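Hi everyone, and thanks for coming. Today I'd like to walk you through a structure that may be new to you, so please bring it up on your screens.

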Amino acid sequence: MRASCTSLLLKLPLRFWPEGAITKVLEKSSLHPKPAGLVLQYGTAGFRTNAKQLDHIMFRMGLLATLRSRKTKATIGVMVTASHNPEEDNGVKLIDPMGEMLTATWEDFATQLANTEQKELLAALKDIINKEAINMKLEAEVFVGKDTRSSSASLSQAVLDGVHALGGQSKDYGLVTTPQLHYMVCCQNSHGQYGEATVEGYCSKLSQAFLALSKNASNRTDDQKHLFVDGANGIGAPKLREVESHLKKQLQISIFNDGSRGKLNHQCGADFVKVQQKPPTGVEISPGDRCCSFDGDADRIVYYYTDSRGFFHLLDGDKIATLISTFLKELLVQAGLDLKIAVVQTAYANGSSTRYLEDTMKVIVRCTKTGVKHLHHAAQEFDIGVYFEANGHGTVLFSKTAEEKVQLLAKSTNINDERKRAALLLQNTVNVINQTVGDAISDMLLIEAILAIKGMTVQQWDAIYSDLPNRQLKVTVSDRRVIETTDAERRAVSPAGLQEAIDGLVKKYKQARSFVRPSGTEDVVRVYAEADSQESADALAHEVSLAVHRLAGGVGLVQNAAARSHNPGSDLSPLASCLLQDPFKNFTFGF
Ligand code: NG1
Ligand code: ZN
């Protein structure tokens with residue numbers, strides 16, 4: 001029975017795939033040949049590696065996006081970027097119809113297609129067409145965008161070649177941020193309901209909402225309106241300038257690292273600031289100045305300032321989630337709306353943020369596995385789901401019911417002024433947010449509006465709670481898959497004895513917590529520890545690293561966190577240096 005079904009399916013492409021298309025794919029694919037033996041994997045952020053290895057991947061992702069478009073009968077997005085990675089890298093990811101990340105089964109297809117040797121390519125395509133019963137006569141449309149890397153132009157052309165080889169239509173948005181392309185895809189597939197699928201449409205939707213929100217702020221001085229932005233020398237800077245021209249000076253932005261001089265993500269950007277816990281180079285800031293950093297494709301943001309003693313203060317994704325959820329919760333009370341709000345975090349969220357949200361704010365907190373698609377899914381379970389990774393990638397999701405209730409109340413004429421004001425604020429908050437994915441520009445506008453409305457300085461925001469000192473390290477092992485975890489990656493179930501060892505070490509310190517997990521993007525095991533002092537957090541991270549090394553097949557040396565704290569990278573052997581916490585160091589496999 002099963003065999004006859006399969007053989008029936010195998011015939012499908014011959015009936016549904018027009019003759020000419022086969023020749024065209026063969027012809028075009030020979031212009032984008034796969035280096036024999038190269039193996040890459042589609043991970044949480046698509047494919048990512050040195051740009052020189054990606055031409056065939058881009059062409060094939062153009063093919064795959066066209067198939068996905070036929071399968072879903074919707075427009076699909078393909079973004080060419082390697083986010084916070086160094087300039088010489090690049091990457092690609094597909095965007096599903098409502099602007100969300102590509103669904104898991106198709107991630108597997110992407111990996112299969114990427115790793116198929118040249119002569120097997122047609123068979124691999126037919127296999128996907130068969131499995132998904134794709135009607136090749138249907139129309140297909142793919143939106144393509146790229147970041148500012150020098151390799152992006154030719155790589156996005158390779159994507160377009162793939163789309164055209166399979167008879168798909170394309171729209172090339174050129175230089176856009178990753179979240180802008182997600183936004184375009186959602187606008188297109190919602191037939192304009194989410195907004196107009198143009199950069200101008202994006203700028204005007206977000207800025208109108210921001211201007212409406214900032215009308216609720218009492219008179220602010222130019223100083224209070226001033227924000228320093230580090231554009232990571234990436235696409236965020238020029239795109240922010242376009243938005244700024246709509247802001248009628250309600251926000252006064254000084255953009256640094258705008259790409260005119262420095263190198264992309266080099267000593268700057270959200271990832272550098274978060275990991276190094278220091279300001280980026282290229283930004284001259286004075287004590288108390290409010291600053292933020294985007295990453296290379298502008299889907300992450302972190303805030304920071306230095307105090308009068310010169311100490312650096314970071315306001316990461318956890319602080320951002322706290323500010324936004326507090327604001328929304330207050331508005332819900334004022335509007336008299338009974339909507340369930342939750343904050344979604346990962347195990348990397350600082351323990352102080354979780355405690356503050358649960359105990360003081362009485363907000364539901366959920367913890368998911370690392371990777372925004374997990375947070376996004378969990379956030380969809382609530383009327384309002386605020387999700388942020390500690391590294392500054394996140395957004396807010398409103399359920400259909402929540403949006404309808406807000407719209408209805410905002411239109412209502414028989415409610416008191418306080419309820420009306422809160423309803424209008426909620427309505428504009430919904431509009432300023434890019435719900436498709438974390439968006440540095442949109443998050444920045446929301447944060448700036450909240451600070452203005454609440455009359456809050458960056459120091460007051462920072463003082464909501466104090467972060468517990470923490471440390472992240474990484475350990476190289478021969479096969480990181482030996483570490484299996486449960487409870488949203490907070491406990492290790494294998495190898496035997498590891499979790500018991502961690503539990504024993506954690507008990508030695510106050511307010512301590514530690515967990516280990518295999519990285520999804522690098523060939524390392526990540527170790528996280530927090531405790532009541534930096535010395536304790538460093539010592540705990542180091543001891544847990546030793547336990548991982550001993551019990552999980554460690555390779556090379558284990559780095560001492562204390563060495564990292566005082567003088568990162570110096571006087572260590574090359575091997576020890578490569579074990580330093582530097583999570584987004586260049587690597588040669590995709591994720
Ligand atoms: P891995 O390498 O799995 O820890 C990192 C980040 C994630 C996420 C992904 C994708 C940390 C600790 N991990 O994942 O949050 O952003 O990269 O970019 O920040
Ligand atoms: Zn990014």
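Let me begin with a question: is Asp299 buried or exposed? Asp299 counts as buried, because its relative accessibility is 3%, and the cut-off for buried is under 20%. Before I go further, please keep in mind that this is a predicted model.

Ser83 is buried, with a relative accessible area of 4%. Its phi is positive, about 50°, although Ser83 is not a glycine. As background, most residues other than glycine have a negative phi. Asn265 is another case, with a positive phi near 60°. You'll find Asn265 in the loop between β7 (252-256) and α10 (270-276), and Asn265 counts as buried at 12% relative accessibility.

Now please turn to ligand 1. Which residues are closest to ligand 1? There are 12 residues surrounding ligand 1, and the closest are Arg517, Ser519, Gly520, Thr521 and Arg526. Some side chains come with distances. An N or O atom in the side chain of Arg517 is 2.7 Å from an oxygen atom of ligand 1. For the side chain of Glu389, the corresponding distance to an oxygen of ligand 1 is 2.8 Å, and for the side chain of Arg300 the distance is 3.3 Å.

How does that sit beside the record? UniProt, in an unreviewed entry, places the feature "binding site" at Glu389, Ala390, Asn391, Arg517, Pro518, Ser519, Gly520, Thr521 and Arg526. Such annotations may be inferred rather than shown by experiment.

Let me pick out two residues from that list. Thr521 lies in the loop between β18 (513-518) and β19 (525-530), and Thr521 counts as buried because its relative accessibility is 11%. Arg526 is found in strand β19, and at 6% relative accessibility Arg526 counts as buried.

Next, a helix. How many residues does helix α19 have? Helix α19, residues 534-551, has 18 residues. From its first C-alpha to its last, α19 reaches 26 Å, close to the 26 Å expected at 1.5 Å a residue. Buried residues in α19 include Ser536, Ala537, Leu540, Ala541, Val544 and Val548. In general, an α-helix has 3.6 residues a turn, so residues three or four places apart point the same way. After α19 comes Gly553, whose phi is positive, near 75°.

A few stops remain. The peptide bond from Ser494 to Pro495 is cis, with omega near 0°. Pro495 lies in the loop between β17 and α18 (498-506).

Glu489 is in the loop between β16 (484-486) and β17 (491-494). Glu489 counts as buried, at 10% relative accessibility. Which side chain does the side chain of Glu489 contact? The side chain of Glu489 makes a polar contact with the side chain of Thr370, at 2.8 Å.

Finally, find Val243 in helix α9, residues 236-244. Val243 is buried, with a relative accessible area of 0%. Val243 and Ser204 are 39 residues apart in sequence, and 7.6 Å apart in space, C-alpha to C-alpha.

Note on methods: Residues are numbered from 1 along each chain as its sequence is written. Chains are lettered from A and ligands numbered from 1 in the order in which they are written. This is a predicted model: local features need pLDDT of at least 70, side-chain atom pairs count only at pLDDT 80 or more; totals for chains, interfaces and linings use all residues. Side-chain values use heavy atoms; hydrogens and water are left out. Helices (H or I, at least four residues) and strands (E, at least two) are DSSP runs, numbered from the N terminus. The expected span of a helix is 1.5 Å times one less than its number of residues. Buried means under 20% relative accessible area, exposed over 50%, partly exposed in between (1.4 Å probe, protein chains only). A residue is near a molecule or strand if one of its heavy atoms lies within 4 Å of it. A polar contact is a pair of N or O atoms within 3.5 Å; within protein, one must be able to donate a hydrogen and the other to accept it, and residues adjacent in sequence count only if both atoms are side-chain atoms.
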